[in-house]
Every structure is written in C-alpha cells, then in structure tokens.
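Please read the following points with the sequence and the three-dimensional model open beside you.

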Amino acid sequence: MDNKGLLLEEIKKDALGDWKSIVVEVRPSAFKNEDGSLKPFYLTRSFSFLPEDQFTLEIINYADAFGKIPLVKMLIKGRMEFQGDYPIAEGAQKVDFTADHSYEVTPLIQNFADVLNNLAKDGFDQWEIGKSQDILKKKFLPFGLNEGDVFKEYDLIYLYKDMMFWGARNIDGRGFDTEENRPTNLQIPMIRK
C-alpha cells in the first residue's frame, strides 16, 4: 500500500465512531424570504461512521436558532465513497454520501406533519407527529426527490484535533448534488459523543 493509501486508512480509522453537533447549526436554504433574502436552516447532526464505509446520520431541523422548536427528524443510512484528497486542507478527503439503505422522516410538530400531508400523500400513510416513514426511492416533493431517486451528496470530511468537519453549504443555498457543487469551505465541526 502506498503512502496515500496508508493515510486514507488512518483517516478512516480515526473517523470511526459517533459524532455530534457542538451547537445548533445554521445553513442557508434554497428557499427565500419575501424580501428575497435566503431563509436560514437550523439543524443538529448526530453521525456514526461505521466499518466498511457505512454511515448513519440523524438530522433534526428546528424553526429557531436555539433549537427550542424541533420540526422534523431525518435518519439516513448508507455508504460513503472516498474519492481522494481535497485541497481545502491537508488531509481533507472528498467523500460522496449515498443514502441507499434507508431515509426515514419523522415529523416532530403538527404544522410540519400538516405540510407533509399536503405535499407527500402518494405512497405514504398519514403523517403524524413521532411516526417515521421511509422515503427511500419514493417521490418526496418536500426534498425534491423523484420516484426511484437515491439521495447523494458530494461532500468532504476533514479531521482536526478530534473534530470532524464537513463542507459548508454554498451561500446561495445550492445542495451538494453534483461534483461541481462540492463545498469549498468547512462547516462548523462535530465532536465525539
């Protein structure tokens, strides 16, 4: 194994385990306020990097910056594909996250359940607070997914002093849905649980 291969194996070994957000994080969304400014998107992440490049990611979205009003929980399970070094920082790796095992959505407030009952009726049971439904490969308009789609993001990871960084969202709210949209800055890090 060459030096790059050894470094990648060391990064994977160091990344194994459970990680969590330090605080509620803010990101720009693709949605806009009435004045044309981007709506903020508040969330916390709980991430597990598992053997054989598997992962579990729980995201909770909030209506407020302090995380007092939870809206929805997403539980995503899939695989990570390491695509090589990324020049954003020494040791950073391009990583593609593919949610091909499951993608569960759980409304946490009635208003969000009502939105889902209006926008995501076909192929789903009635949306209820605390009741999870798997949206994997299903048409799910709230997230822009079509029938048969598997959610994938072109992201990065960077480990530094027992913190895990992923890429910061593009300031215009674009997702990481293509190689060209892969992030060029670092998001607030997660720490070990």
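1. A pocket is here an open set of points, on a 1 Å grid over the protein atoms alone, where a 1.4 Å probe fits, with protein on both sides within 12 Å along at least five of seven lines, and its lining residues have an atom within 4 Å of a point. The largest pocket is lined by 45 residues, and those nearest its centre are S29, F31, F41, P142 and F143. Its space comes to about 1,400 Å³, a volume being the space filled by probe spheres set on the points, which are joined across faces, edges and corners.

2. This is a predicted model, in which local features need pLDDT of at least 70 and side-chain atom pairs count only at pLDDT 80 or more, while totals for chains, interfaces and linings use all residues. Residues are numbered from 1 along each chain as its sequence is written, and side-chain values use heavy atoms, with hydrogens and water left out.

3. Which strand gives the largest share of the lining of the largest pocket? That share, six residues, comes from β3. At least two lining residues each come from β2, β3 (38-50), β4 (54-62), β5 (70-85), β6 (93-107), α2 (110-119) and β8; helices (H or I, at least four residues) and strands (E, at least two) are DSSP runs numbered from the N terminus.

4. Strands β8 (residues 152-160) and β9 (residues 163-166) run antiparallel and are joined by four bridges, where pairing requires that DSSP find at least two bridges between two strands. Within this pair I157 stands opposite W166, and in the hairpin, which has two residues between the strands, K161 takes a positive phi near 50 degrees. On to the next strand, β9 is joined by two bridges to the antiparallel β10 (residues 190-192), with M163 having I191 as its bridge partner.

5. The structure holds 13 salt bridges, each a side-chain nitrogen of Lys or Arg within 4 Å of a carboxyl oxygen of Asp or Glu. One of them brings together the side chains of K152 and E81 (3.9 Å, N to O); because K152 lies in strand β8 and E81 in strand β5, this pair ties together parts that are 71 residues apart in sequence. K152 counts as partly exposed at 28% relative accessibility, as does E81 at 27%, where buried means under 20% relative accessible area, exposed over 50% and partly exposed in between (1.4 Å probe, protein chains only).

6. R169 forms a salt bridge with E153, the closest N and O atoms being 2.8 Å apart. This pair links R169 in the loop between β9 and β10 with E153 in strand β8, 16 residues apart. Are these residues buried or exposed? R169 counts as buried at 18% relative accessibility, and E153 is buried at 13%.

7. On the surface, I22, V23 and I188 form a nonpolar patch with about 220 Å² of accessible area together. Such patches take residues with over 30% relative accessible area and no salt bridge, joining nonpolar side chains (Val, Leu, Ile, Met, Phe, Trp, Tyr) within 5 Å and like charges within 9 Å; the areas come from the Shrake-Rupley method with a 1.4 Å probe, and for residues only the protein chains shown count as cover. I22 lies in the loop between β1 (17-21) and β2 (25-32), and counts as partly exposed at 42% relative accessibility.
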